[in-house]
Amino acid sequence: MTGKIYSASTTAPVNIATLKYWGKRDTKLNLPTNSSISVTLSQDDLRTLTTASAAEFFESDKLWLNGKEESVHGPRLLACFNELRALRKILEDANPELPALSKYHLHIVSENNFPTAAGLASSAAGFAALVQAVASLYELPQSPEELSRIARQGSGSACRSLFGGYVAWEMGEMADGSDSRAVQIATQEAWPDMKAAILVISASKKETSSTVGMQTTVNTSTLFKYRTDVVVPQRFKEMSEAIVNKDFETFGKLTMIDSNQFHAVCLDSSPPVFYMNDTSRLVIGLIEKVNKIYGRVVAAYTFDAGPNSVLYYLEKDEPIVLGLLKAALPDTDGWDKKPYTASISPAVPDGVDPCSLEALKEGVSRIILTGVGPGPQKTDEVLIDGNGLPK
């Protein structure tokens with residue numbers, strides 16, 4: 001193997017929706033049936049690192065994820081490759097001195113620092129990192145908003161991982177999907193004291209994929225249309241305003257009721273789609289109890305298409321939230337990742353049933369403490385060797 005290898009590396013974040021996207025009006029283009037909102041989490045704790053490379057001597061497109069070679073023939077991946085190559089070719093046609101990267105095959109190496117396909121938005125971070133890495137390799141001038149339209153075709157929620165802070169995916173109206181893209185509601189600097197505690201309840205691959213679950217819900221749930229047509233548009237407006245106004249009380253309430261309704265339409269599907277388990281429901285009961293004791297929203301739970309719980313809270317309430325979690329999960333893996341937690345004492349508010357804490361201990365395998373973070377970041381770390389293969 002001889003010849004120059006061109007490469008670029010990018011990290012991309014996980015985003016966790018607070019207003020859920022569920023259902024597609026066009027499966028080929030990944031066009032959603034409703035708009036959605038998410039919080040981008042810190043890449044210090046959850047991120048995908050991707051190196052994209054191109055060389056004249058590469059014989060075919062190749063992709064490696066977490067050390068395993070994956071197929072590059074899926075329609076979603078091909079859609080992203082085709083769009084990015086078309087944008088690169090425009091540059092090459094305008095400047096013949098540029099290397100013809102659009103004609104070269106791509107080798108992509110990607111690594112997550114969190115479990116894949118376990119309800120932790122791995123596909124969102126993965127496709128966002130892939131699209132941004134290839135865009136950097138191709139030196140494309142497109143904005144994150146424009147690139148989000150491409151990432152959406154790989155994984156719907158990936159479009160939101162092209163931005164940091166607080167992000168909306170506007171569903172759009174055009175049949176070709178040209179106006180279905182992500183926009184930033186607020187930067188991480190605008191509301192920096194948002195924190196998140198992720199309780200990893202199951203790191204195994206989920207039984208029902210998001211794609212299958214969505215199709216089942218869209219085709220069979222009688223509650224679904226009311227959610228998309230009536231509930232979500234109003235909730236979208238209210239949650240956007242709560243983020244801009246840094247109104248955690250409203251933000252938290254909307255986050256919890258939207259998570260509950262999302263899982264309700266999954267349950268309303270035929271056959272019913274289950275993503276939460278008994279431990280998930282224990283978390284809901286515990287947080288509802290704590291919020292009732294304090295007379296305000298101290299923490300807000302949300303569950304994506306999986307059993308893992310994400311708890312949002314403000315930095316000022318960290319002693320309450322982490323004190324409770326420390327009492328329930330004193331030996332759970334993850335506390336040592338954040339040395340500052342050593343100063344937080346376990347504390348159980350009066351009125352919380354100790355039995356529920358004991359039951360929680362049995363179902364949570366790991367805790368990830370994080371907060372709001374930035375969008376994709378360029379990095380000098382390279383995952384590809386001089387032969388175009390994973391290091």
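Tutor: In this predicted model, the cover over the buried residues of helix α9 includes β12 (194–200), α7 (278–294) and α8 (318–328).

Student: Which residues of α9 are the buried ones, and how should I read their placement around the helix?

Tutor: A residue is called buried when its relative accessible area is under 20%, and in helix α9 (residues 354–363) this picks out L357, L360 and G363. Seen down the axis of α9, these buried residues fall within an arc of 120°, so they line one face of the helix.

Student: What does the face of α9 turned away from that buried side carry?

Tutor: That face carries P354, C355 and E362, which are exposed. At the start of α9, moreover, a side-chain oxygen of D353 comes to within 3.0 Å of the backbone nitrogen of C355.

Student: Turning to the sheet of six strands, in what order do its strands lie, and which are the edge strands?

Tutor: An edge strand pairs on one side only, and here the edges are β8 (68–70) and β16 (377–379). The sheet is open, with mixed pairing and the order β8-β7-β9-β6-β1-β16, and its twist averages 25° from one strand to the next.

Student: How do β6 and β9 pair, and over how many bridges?

Tutor: Strand β6 (residues 47–55) and strand β9 (residues 105–112) run in the antiparallel sense and pair over eight bridges, with L49 standing opposite E111 in β9.

Student: Which helix packs on this sheet, and which strands does the helix touch?

Tutor: Helix α2 (residues 122–137) packs there, touching β1 (6–13), β6, β9 and β16, and its direction makes about 145° with that of β1.

Note on methods
Residues are numbered from 1 along each chain as its sequence is written. This is a predicted model: local features need pLDDT of at least 70, side-chain atom pairs count only at pLDDT 80 or more; totals for chains, interfaces and linings use all residues. Side-chain values use heavy atoms; hydrogens and water are left out. Two strands pair if DSSP finds at least two bridges between them. Helices (H or I, at least four residues) and strands (E, at least two) are DSSP runs, numbered from the N terminus. Axes are lines fitted to C-alpha atoms, for helices over the stretch in contact, and angles run from 0 to 180 degrees between N-to-C directions. Contact means heavy atoms within 4.5 Å. Buried means under 20% relative accessible area, exposed over 50%, partly exposed in between (1.4 Å probe, protein chains only). The arc is that of the directions from the helix axis to the C-beta atoms. A polar contact is a pair of N or O atoms within 3.5 Å; within protein, one must be able to donate a hydrogen and the other to accept it, and residues adjacent in sequence count only if both atoms are side-chain atoms.
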